[in-house]
Amino acid sequence: MFYDYLDTILGKIYLLADSQGLRQLTIGSGGFSPDSSWEHNPDFMKEYIHQLEQYFQGQRKTFTLPLAPQGSQFQQQVWKAISEIPYGSTATYPQLAEKIHHPNAIQAIGMVKNVNPIPIIIPSHRVQNENNQLVGSRYGKQFVLLLRALEAGKLVLQQSEKDSA
């Protein structure tokens, strides 16, 4: 396993990946504790960091990174459905439930959304409740509001290196 981090307005973002793809994205140090067998490897993580920087600068709307979140078959279905919500758009829990052919799993989908191991890239901030109201995330409603403002073109979360020189 390899890891690296990126400093953003959201806080430090830690990324964990292996040869299969990105396993985890954690915002802030509270949920990230490197195992002694993991290697800090900026070279291996370079493309992950680059695409996140582009996203925060408003230059990237889709990610082309290999993802390898660990979870049950149901969790994988939900995360895949969330990944298909277009940039700047939203979907409700009932819409996701219909999409994965589990129309009665609305509450379960909410629970899976909240344990998303790769937020931002698997854009759980694009999910709303059945009344089209904003719902928080494990990082709070401010996190969701910032990402939605970014996707609406109202905010840039990181200056490019060119702009800051």
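User: Hi! Before we look around, what is a cavity here?
Analyst: A cavity is a set of grid points where a 1.4 Å probe fits but cannot get out. Keep in mind that this is a predicted model.

User: Good to know. Which residues line the largest cavity?
Analyst: The lining is made up of K113, N114, N116, P119, S124, S137, R138, Y139 and F143. By type, that lining has three nonpolar, four polar and two charged residues.

User: How much space lies in the largest cavity?
Analyst: About 60 Å³. The count of cavities of 30 Å³ or more comes to one.

User: And the largest pocket, how much space is in there?
Analyst: The largest pocket holds about 160 Å³. Its lining has 13 residues, and those nearest the centre are K61, T62, F63, S83 and I121. Nine of the lining residues are nonpolar, two are polar and two are charged.

User: Why would residues a few places apart point the same way?
Analyst: An α-helix has 3.6 residues a turn, so residues three or four places apart point the same way.

User: Let's switch to helix 2. Which residues are buried there?
Analyst: In helix 2, residues 73-83, the buried ones are V78, W79, A81 and I82. Seen down the axis, these fall within an arc of 160°, so they line one face of helix 2.

User: Which exposed residues are on the face turned away from the buried side?
Analyst: Q73 and K80 are the exposed residues carried there. On the buried side of helix 2, the cover includes helix 3 (93-99), helix 4 (106-114) and strand 6 (127-128).

User: Last one: is R23 buried or exposed?
Analyst: R23 counts as buried, because its relative accessibility is 14% and the cut-off for buried is under 20%. You will find R23 in strand 3.

User: What does the side chain of R23 make a polar contact with?
Analyst: The partner is the side chain of Q20, at 3.1 Å. Leaving aside neighbours within four places in sequence, R23 is in contact with residues including M1, D18, Q70 and I118.

Notes: Residues numbered from 1 in each chain as written. Predicted model: local features only at pLDDT ≥ 70, side-chain atom pairs only at ≥ 80, totals over all residues. Heavy atoms only, no water. 1 Å grid on protein atoms, 1.4 Å probe; cavity = no way out; pocket = protein on both sides within 12 Å on 5 of 7 lines; lining within 4 Å. Points joined across faces, edges and corners; volume = space filled by probe spheres on them. Nonpolar A, V, L, I, M, F, W, Y, C, P; charged D, E, K, R; others polar. Buried < 20%, exposed > 50% of the residue type's maximum accessible area, 1.4 Å probe, protein only. Helix = DSSP H or I, 4+ residues; strand = E, 2+ residues; numbered from the N terminus. Arc of directions from axis to C-beta. Contact = heavy atoms within 4.5 Å. Polar contact = N/O pair within 3.5 Å; in protein donor to acceptor, adjacent residues only side chain to side chain.
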